[in-house]
Amino acid sequence: MRTNSTDEVSRRQFLIDNARRLLGVSVAPMLGSSLATSAHAKEGSKNANPARSVIFLNMDGGMSHVDTFDIKSGNKKVNSIESSIKGFKVANYLPQTAKVLNECTVINSMTSKVGAHPQGQYLLHKNYTPLGTIIHPSLGAWVTREAGRVNEELPGYVAVNTPAGHTGGGWMGANYSAALVGKPEEGLKNVDRYHSVSEKDFNDRLKIADALNAKFHQNYATPEVKGYAGLFDEAVKVMNSEDLEAFKISKESSQMRSAYGMTDFGQGCLLARRLVEVGVRYIEVTLGGWDTHYDNFTGVEARCKELDQAYAQLINDLKSKGLLESTMVVLASEFGRGPVQPQYNDGRSHHASSFTSIIAGGGVNKGMVYGQTSKDAMKVASDPVTIYDLNSTIAYGLGLDAHKVVYSPGKRPFRIAGSDKEKGAPVTSIFT
Amino acid sequence: MVSLQSQKMAKTSFKNILLFVGLLSLNAKASDMIDPALIKKNANAIDVIVAENFKLNNITVPKVTDDATFMRRAFLVSIGRMPTPKEALQFIELEHPDKRSLLIDYLYNSKGYSSHLTNWYYDLFTLRESFGSNTVIRDNGRLIDWFRDAAASNMAWDDLCREILTSRGNVYETSKPAGYFEKGDAVDDHLSNTVRIFTGVRLECAQCHDDPFQEWEQMDFYTLKAFVEGPVGYKGKGDYGGIFSKVRELQTSSPGKYSNNHVGRLQSLLFSLNAVASHGTSPDKGYGRVELPENYQYRDGKPGEMVGGRTPFGDKLRTGDSRNDKDSLTKFADWMTSDKTPEFSITIANRLWERVMGISLTPVTGDYVDPKDTNFRKLILKLATIMKDYDYDMKTYQKTLMSTRTFQFVSTQKDLKNGEKNALDGRRATRMSAEQIWDSLLSLSVADPDSLPTRAKESSDFLYAGQLVMSKADMAKKVNSLNTEEFNDYLFELYEQLKKKEFPAAEAGADSSDVYSNMRSYRRGVNSGQLKRASEFPSPAGGFFAVFGQSTREAAIDEASKEGTVSQALELLNGQVQSLIIHNPKSSANQVIDQIEGEEERIKTIFLVVLNRIPDDNEMKLCLDVVKGAGNKAAAYRNIVAGLISSQEFYFIF
């Protein structure tokens, strides 16, 4: 098992992290920047070999880490099986995933202070705590804005089966919000002409609208009007894009479709792979139902069934198409679940102080386990990674500087890494 | 008004249609609130100050718009939609020296006014259908209903402020807007937003630290918070651990009595009881003092120290730090609405000025700036005076603004340069809100958008699986009278009782969440398939509205987005607008257009109906070419309508 939990540097990093948490950021520089930046990146550092796309798999509701990827010997309720990382066991609900973990870095040392769903999902997506006075953009919006689009015809950020509130552009504006796909089978809406409108009809309409728009833009050249310039060209570009086919999962063979599992999540993962192929930057697919306060084990098993097939197939599929090195597949949840149970009817409660995320592809180490929790899985024992760090790490993986400050229209400073108070840093040591 | 549909009409000319429609009741009885002469006087006073401002700054006085532009602007600003085809043609054809003020009367007497204001309240007060944790979700319908009534009855702004800040009690037991402060966990954020809504002052930075950019210190936030400090809502009842231990016992001792499905429903009942009983503002709200937070870092206080209330600006009011002050909420509201707190009247006067005139008098919408630090000192002070003279009657105030000559200025075509301050030289084109877009599309689809069905109020019945148990008020009273143990017993007793009565669908395996949502009432309102104004949808409405940037009404005020997206363009080109208007022979637009004889006449009518203006020569030529080049003439006219509706001119107010 490749872990770095015993090396001196990371233990010092642990001290620094705790000092930072307890005393505020200003302490780290006093202790020397070489210490502060060994496992986590220096501010401003960029990945020289960036990934192109991200597939973000959002385990909505709080995935029970202790019944999936962080199984302790005391857990008598779940049988574990060997994975393809030597010495690392996972729940027997995850037989396919167990086989592909040697492509992944498992981060067992996620930690957060936020134990409620809306705030936790907000943080996971936006890297800020909700403030009430501004809406922060989602990471997909940041990425689309900072890295730009690869495919100029298609949206840069697509979210599948995910609440719109998680995927908005916030103060960056709707231009950076995700294009939303509800059912994966339905693809992007309104991309086909109305049934009784011929191509000539459509072109006549555009011709009239174009003429009116030209006059309007000449007469009312305000910034808001200018923001609309070219919008129809964009829309028509999407409508006419040959890559629009990427939204049609029906183009896949029935074997391929059933390999992902005929669930919304499975088909969403398939759609994500198709979108990666045509150069969409950031795709999110959500798997809900992890909030297992009641009957945790039945619930976790059922979710794992969907997850296992889709996740393993996604990794294998990307790999076989040569896309895994340029695509970061991130599996994350807003928090984990309480190791001490039962809560209520054989359930588990929210647990933010330790949980698990997994990153595969995009240049992260293969078959690495980063960090660990205490024996009872209650706390992080080494190499803590905050949600701020996780999002910074995704940005780093794409070659972005997570600490670059960008100002909102109201002149307030923001960065991917999060606020001054709790700013994260990329975990660079998980990259090859 | 005579319905066109009910009449057998020969193809007729434009003029004939108007005869048929009959005059709208444009001269409906004028506003019954405030003397029209006073409105006129105040409107003139505003115009005089604006004229002085032009002279002072050497700005050329803008021209007054044509009737059609005035009409479209006035409709959108006052009732949140464009005119229907009939309203538009009628106003344009009307020959009357005072037709603009007749229109203003018509608009401010319209039901559309409160619909439009309701959306504004939803955004400003971030009113969502429900809030809370996933265990106890509270319906926000009572508060939403209260705001809807406030809009419909033209409640004065200071009364509204006072009511929401001082009302206490369980929301189902009182007709007051209790529960305003209980918005999930974000109590501090909600306080900052409230202060900003009413005074334009931003305290959000001072929540956590001294604000380096403004004068506010963290202590200011806490001494203000002292006024509203108190228990967060009511506590939920019952000992959840005990309840579920008992369930497990029952499952073991009498297998079959409680299947997992039943446990789910019992849980739903538990959550619903608490959602009803614990929804409101605690009677103890408003201690008048507050404990400084553990991480308080400044010299003027120690962590954990109690501090009393002290207003940070405006009227000076205090509460003591040694004991609770029962009148603290009232003092808070007194301070906010006091004449000695000029921020109150100035902020609402400025906000509504921007709402009507399209020009903000401060750099950021809703921010308070001392009038002397703006270009418009005299104007702002006058507006605040008018607002106070009207006793904060928002409708009369807005009507006054619309009655000015300033409102009628042509939109400026000049772009603001970087750093240049706003002038009063005409509004700048801004995109309609998502709600204005929807309601305008309705105007082209149905004959009278303001008479469409409205949403029902939140039910006062406590339902279980569709059956009445008792009123929510009685249930709240009942639950709140029980101690923990009694509540646990009551829960099981009630559940057993209800189980016998459950309707078959629930028995037939509907899962617990279905039963739960049956108990909840936020899915109220008119049928989802039925056309209705934006204000009658759930808040927020998602779908079309989300695409056009409707505020999520989650946390931030002024959050609605007006930026363009590809999804919007796709919606306009290929979406609902096709079946609502363009390809719907019964749409209010086509009902008028299809009757017009003559190619040029018909094209002209399409422009008047959709964009409320006549085409220029190039546009006419282009459209004639489209008609002449088409094999199917009817389709060609549809294409012109579609082209106009998808043009950006349609979505902007200018």
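1. pLDDT is the predictor's confidence in each residue, from 0 to 100. The structure under review is a predicted model, and chain A averages a pLDDT of 86. Of the residues in chain A, 88% score at least 70.

2. One segment of chain A calls for caution. Over residues 1-37 of chain A, pLDDT stays under 50. Where pLDDT is low, the predicted coordinates should not be read in detail.

3. As to its overall make-up, chain A contains 13 helices and 17 strands. Chain A has 432 residues, and buried residues make up 56% of them. Among the contacts in chain A with a separation of 6 or more, 72% are accounted for by residues 24 or more positions apart.

4. The contact between the two chains takes 50 residues from chain A and 60 residues from chain B. On the side of chain A that touches chain B, helices H7 (199-219), H8 (223-226) and H9 (231-240) each supply at least two residues. H7(A) gives the most to that side, with 10 residues. By class, the side of chain A that touches chain B has 26 nonpolar, 15 polar and nine charged residues.

5. H7(A) also packs against a helix of the partner chain. The axes of H7(A) and H27(B) are 11 Å apart, and the packing angle is about 180°. Angles over 145 degrees count as roughly antiparallel, and the angle therefore makes H7(A) roughly antiparallel to H27(B). In this pairing, A:Asp204, A:Ile208 and A:Ala211 of H7(A) meet B:Glu619, B:Leu622, B:Cys623 and B:Val626 of H27(B). The residues of this contact divide into five nonpolar, no polar and two charged.

6. Within chain B, H27 (residues 617-628) pairs with H28 (residues 633-645): their axes come within 8 Å and cross at roughly 150°. That angle makes H27(B) roughly antiparallel to H28(B), and the crossing is right-handed. The residues that meet are B:Cys623, B:Val626 and B:Val627 in H27(B), and B:Lys633, B:Ala636, B:Asn639 and B:Ile640 in H28(B). They divide into five nonpolar, one polar and one charged.

Conventions
Residues are numbered from 1 along each chain as its sequence is written. Chains are lettered from A and ligands numbered from 1 in the order in which they are written. This is a predicted model: local features need pLDDT of at least 70, side-chain atom pairs count only at pLDDT 80 or more; totals for chains, interfaces and linings use all residues. Axes are lines fitted to C-alpha atoms, for helices over the stretch in contact, and angles run from 0 to 180 degrees between N-to-C directions. Helices (H or I, at least four residues) and strands (E, at least two) are DSSP runs, numbered from the N terminus. Angles under 35 degrees count as roughly parallel, over 145 as roughly antiparallel, 65 to 115 as roughly perpendicular and the rest as oblique. A crossing is left-handed if the near helix is turned anticlockwise from the far one by less than a right angle, and right-handed if clockwise. Two residues are in contact if their C-beta atoms, placed from the backbone, lie within 7 Å. Ala, Val, Leu, Ile, Met, Phe, Trp, Tyr, Cys and Pro count as nonpolar, Asp, Glu, Lys and Arg as charged, and the others, Gly among them, as polar. A residue is buried if 20 or more other C-beta atoms lie within 10 Å of its own, exposed if 12 or fewer, and partly exposed in between; C-beta atoms are placed from the backbone.
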